[in-house]
Amino acid sequence: MGVGVIAFFLGILAVVELPVLPDPFLVQFIPLLVLLLIVRRLRLLALFLLGCLWALFRADLILCGRLPFELEATDLVVQGTVASLPSRKTDKTQFVFEVANILEREAHQKWPMQVRLNWFGDAPELIPGDRWQLTVRLKQPRGFMNPGTFDYEGWLFQQRIGATGYVRPKATQRRLGSSPNYPLTRFRQRLAHAIERVLGDAPSLGLIQALAIGERGLISEEAWRLLRATGTNHLMAISGLHIGLVAGMAFALVKRLWALSGAAAVLIAAPRMAGVAAIATAFSYALLAGFSIPTRRALIMVSVVMLGIILQRNLSPGLALAWALLVVLIIDPFSVLSIGFWLSFGAVGVILFGMRGHLSHRGIWWKWGRVQVLVAAGLAPLTLLFFQEQSLIAPIANLVAVPWVGIAILPLILFGTVLLIPLPAIGELLLTVAAHGIDRLWWLLGALASFDLMAGPPLIPPTWAVAAGCVGVALLLAPRGFPGRWLGVAWLLPLGFLAPPRPAEGHVWLTLLDVGQGLSIVAQTREHVLVYDTGPRLSADFDAGRNILVPFLRYYGIRRVDHLIVSHEDSDHSGGFESLRSAVSIGTILGNGIIGKTPLDPCWRGQSWRWNGIDFQVLHPPLAGTTGRNNESCVVRISSAKGSILLTGDIEEQAEQVLLRLPATLLKADILVAPHHGSKTSSTEAFVQAVQPKYALFSSGYRNRFGFPHRPIIARYQQQGVKLYASATSGAIRFDLGTKGVIEPRLYRLDGARFWHLPAADIPTMGADEPILKPSLVAQ
């Protein structure tokens, strides 16, 4: 059974790794493969192929629900239903909208699709189940594409989101009435409002909402950092731990009470009735959490175990885990894209493996302590892969936090939440007590986090190193006397001693990151790193420094930036400055202007340095800048013996004229980062002719409101025979400039492609108000 489930699982993983889906026609062979299961010698192969075709079938269904390309960047009048709890941010309200039809498109075209919308400004109260007619701008589900960063397109695919967009602010929006749809989500919203009324602005509000109804939108970034530092972030997401604790408490309580019932216990055995109660309790808690993907997975795991008890089947723990895995994969094969999937099944597997032979002759606190050590050690390879760091204080923190939250806090929150509407006085009392309990725990976690015991690998480990680490952990956790147990240490070595990739002497790797409407560049020589600009700050929860630049640096094992140059103070170039400075060690910081309250050491023409055979020169401004405006952007030339690169910031025609007075050899470059994202105010014909680039790079947002890069600028470069690449269509762009000149770039939207990613050939480079231009034309 277990081996067969693994074969089915591997078939799904094989499809997940594909850049393009095979022909969906292949799913017609599923019945044939089911018949082949009766042939023992072909069973494993048939299960593997069934996993492949099942994933192919489900993937094709999801991708069919995406917005057609031709409907992007136009005003659409849609009718549909609010399908999620609205999340209110500082300047916007975010929600999922189920589109029923699009008006004025082929006679009110039916288009069932879920879209993720932002309503900027003061949005009206949005109630799940309410029907609205909205004027919206939509685009296909798209995220930033960079090595080491969060796969937003993959997350949207997993959530079945067919488009993202925003409600047009000046158009008329109309509420059409309420519908019977989404009654559970509407009830959860009532509970969320009730909890907010009780707790007000208490620091624990977001944590209590997360544990009660699975809504984590109010948990601050500072709170998440503390939870990650102590390895307790899993406690604030309703998952297998919480569902299992609640189901376990219900099982124990009902079993004891039912055994006292006399005749009823004779008719139905107490364990069987307790199993039914446990499933019902777990189902109810999953309902409160909105049947999110983690809660569905946890409910399945609990139900499999309890069904074994109800049906009086003696399921071994390993067999129960295998059945749970199979059911999860059948219901949602793309659960494998979730970090929680790997951590939850991994944790259960590690506990079952590591506690064998240790359950009978030890006290409960010894067993509980061993469980924490097992989970921390056993999941270390996966933790390093997913989070790039491991909290060494996590076993101690979880030793206290898990029982405190699970046994003391969680029952108070659940009973308090359920009683808020029928018995508000009792519900408010229980939630208030729970809030004080969380405050006490928060003080303890803060004390533990102050030790700053975080460990991380030299770089994000590749898949083979993680697999080797899992083998090493399994060997070390094996029973005493297991042959070759000590070899586990050797299997773990790649996780801690894998050398990061580096350019050769005399080479420089230049990476233009995909940061949307902004700019951030990393130039790496053999022993040094330059970061040029830090990208935009898009919201209080997202800036390019924290969410793109730092993960990219960690992915390549870069822990120190030798030079940081902020070309000028515009927020789309400096928005990630503080996040970068707080996350990595930085040597010299240059720039013109003031970032926040931090004045920068000015850059000016004549500054230069040499790293590993690569020369760096500042060409502009002639004198130290004072205003931090576009024309005072730091212009940097990077050169090797066989080629050069020109980084231009946001310079416009005035600064270009100043640069044209320099010797022609200083301006000529093989690679030009186009000034001001391809604006019509820059890239004058004289400047382009003087630089004579082979490649021009545009760092601009997908369908940005400025229309960058502008069509006349694209035409100007194409007339000069320049190869053009845009981060909006290519993702991160990496060049290798070295002893043999410029090597053709690597485009991450191609190198890191999975079938759910938007293919580069289908992404426009123009802004929202510009004609569509296929990227295949741009890159020619």
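**Close-up views of a cavity, a pocket and a helix**

**View 1. The largest cavity holds about 60 Å³ of space.** A cavity is a set of points, on a 1 Å grid over the protein atoms alone, where a 1.4 Å probe fits but cannot get out, and its lining residues have an atom within 4 Å of a point. The volume is the space filled by probe spheres set on the points. The lining includes Ile293, Arg296, Arg297 and Asp332. Helix 11 (293–310) and helix 12 (317–331) each give two or more residues; helices are DSSP runs (H or I, at least four residues), numbered from the N terminus. The largest share, four residues, comes from helix 11.

The model is predicted: local features need pLDDT of at least 70, side-chain atom pairs count only at pLDDT 80 or more, and totals for chains, interfaces and linings use all residues. Residues are numbered from 1 along each chain as its sequence is written, and side-chain values use heavy atoms, without hydrogens and water.

**View 2. The second largest pocket has a volume of about 430 Å³.** A pocket is an open set of points with protein on both sides within 12 Å along at least five of seven lines. Of its 15 lining residues, Val246, Thr281, Leu414, Phe415 and Val418 are the closest to the centre. Helix 10 gives the most to this lining, with five residues.

**View 3. Helix 6 (residues 205–213) is largely enclosed by the rest of the structure, because nine of its nine residues are buried.** Buried means under 20% relative accessible area (1.4 Å probe, protein chains only). Gln209 is one of these buried residues. Gly214 follows helix 6 and has a positive phi, near 75 degrees.

Key:
Buried < 20%, exposed > 50% of the residue type's maximum accessible area, 1.4 Å probe, protein only.
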